[in-house]
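Subject: Structure handover

Hello,

Here is the structure for your files. My notes on what was found in it follow below.

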Amino acid sequence: MIRRIVQALLAVVIFLLLMINIRLHRTSPNTGDIKRDIKKQLSFVGNELHNNELGPKMQSIYPEGEVFVYSLYGLAWCELALSSANNEKLKSEALEEALFALDHLMSNTVKSTFHKNTLLPYGAYYRGWTNYLLAKVLQLDKTFPEYEYYKSLYDQECTEIAQAMVASQTPYLESYRNLAWPADMSVLVASLAQGEHPANPLVKYQVEHWTGKVEKLIDTPTGVIGHQVNSVSGKSEENARGSSSALTLRLLAEIDREFASRQYELWNKHFVTTQ
């Protein structure tokens, strides 16, 4: 019973972070009130991460729990500050908390949860969320002392990801050995799409051509990208789910808006109801 109560409470925290990120992309006549409310919610989650071991608690519930909660926390701070461009105090606080989350993600403790012996070491899930947060940190502020270090790290990460995509027989890199999920891959490719990469045409090419490869492999009854795919053939092993598709669609919009729009129309047709 205690474990179930703890699981329910932690599920509420994840839901809270998801809602924060969603609300930051919506317009409202009460934007100021919403942002103040979001900041309070982030303060609560931040206290749990800093002082009450929320990360390990999430990890005890499911294998990606720690990565997910730190990623969403850091991203929420970045999006809040990016939506308040002239608020230097908020930007400074957001940068501090986003770097706290990012540095934790890059720690050996968190990284060791994932398999090193995949085509892309540590897999699409870990590398995707970590690199996506890294990209958002770089958008947040180009003047902080460690900017060049993190920029160099981002460029290196993007190169390694693009090289793994070239070596892969399918558009889907593994998250774990012999296991691949399109939602994880959409985070990974969206992380590449955050940068311009003028000196690295390989990265740009992979971003621009990824959705074309994906579209050729869609074989679900609905035409929506499947939830899980075969890591060797790229064919669907589990049909689309509303939950993972919602995440994928959000990220597809940052990669290829036309493809994202076509996928959204199909998803809206088959998965959304007002009744």
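**The second largest pocket**

The second largest pocket has a lining of 18 residues, and those nearest its centre are K151, Y154, D155, G195 and E196. Please keep in mind that this is a predicted model. The space in the second largest pocket comes to about 280 Å³. Helix α8 (147-167) and helix α7 each give at least two residues to the lining of this pocket. The largest share is that of α8, with six residues. By class, the lining of the second largest pocket consists of eight nonpolar, six polar and four charged residues.

**Cavities**

How many cavities of 30 Å³ or more does a search of the whole structure find? The search returns two.

The largest cavity holds about 70 Å³ of space. Its lining is made up of P182, A183, V224, I225, G226, S244, S245, T248, L249, L252 and Q263. Two or more of these residues come from each of α9 (182-193) and α11 (242-255). Helix α11 has the largest share of the lining of the largest cavity, at five residues. Six residues of this lining are nonpolar and five are polar, with no charged residue.

In the second largest cavity there is about 40 Å³ of space. The residues that line the second largest cavity are Y172, V214, L217, I218, I225, G226, V229, G234 and S236. They divide into six nonpolar and three polar, and none is charged.

**Helix α5 against helix α7**

Two packed helices are described by the angle between their axes and the distance between the axes. For helix α5 (residues 88-105) and helix α7 (residues 123-140), the axes come within 10 Å and the crossing angle is roughly 155 degrees. Angles over 145 degrees count as roughly antiparallel, and α5 is therefore roughly antiparallel to α7. The crossing of α5 with α7 is left-handed.

On the α5 side, the contact is made by K91, A94, L95, A98, L99, A101, L102 and L105. On the α7 side, Y126, T130, L133, L134, V137 and L140 take part. The residues of this contact comprise 12 nonpolar, one polar and one charged. Helix α7 also supplies at least two residues to the lining of the second largest pocket.

**Helix α2 against helix α4**

At what angle do helix α2 and helix α4 pack? The angle between helix α2 (residues 31-51) and helix α4 (residues 65-82) is about 150 degrees, and their axes are 11 Å apart. With 145 degrees as the cut-off, α2 and α4 are therefore roughly antiparallel to each other. Helix α2 crosses α4 in a left-handed manner.

Helix α2 brings K35, I38, K39, L42, V45, G46 and L49 to the contact. These meet V69, Y70, Y73, A76, W77 and L80 of α4. The contact of α2 with α4 has 10 nonpolar residues, along with one polar and two charged.

Regards

Technical notes: Residues numbered from 1 in each chain as written. Predicted model: local features only at pLDDT ≥ 70, side-chain atom pairs only at ≥ 80, totals over all residues. Heavy atoms only, no water. Axes fitted to C-alpha atoms, helices over the stretch in contact; angles between N-to-C directions. Helix = DSSP H or I, 4+ residues; strand = E, 2+ residues; numbered from the N terminus. Parallel < 35°, antiparallel > 145°, perpendicular 65-115°, else oblique. Left-handed = near helix turned anticlockwise from the far one by under 90°. Contact = heavy atoms within 4.5 Å. Nonpolar A, V, L, I, M, F, W, Y, C, P; charged D, E, K, R; others polar. 1 Å grid on protein atoms, 1.4 Å probe; cavity = no way out; pocket = protein on both sides within 12 Å on 5 of 7 lines; lining within 4 Å. Points joined across faces, edges and corners; volume = space filled by probe spheres on them.
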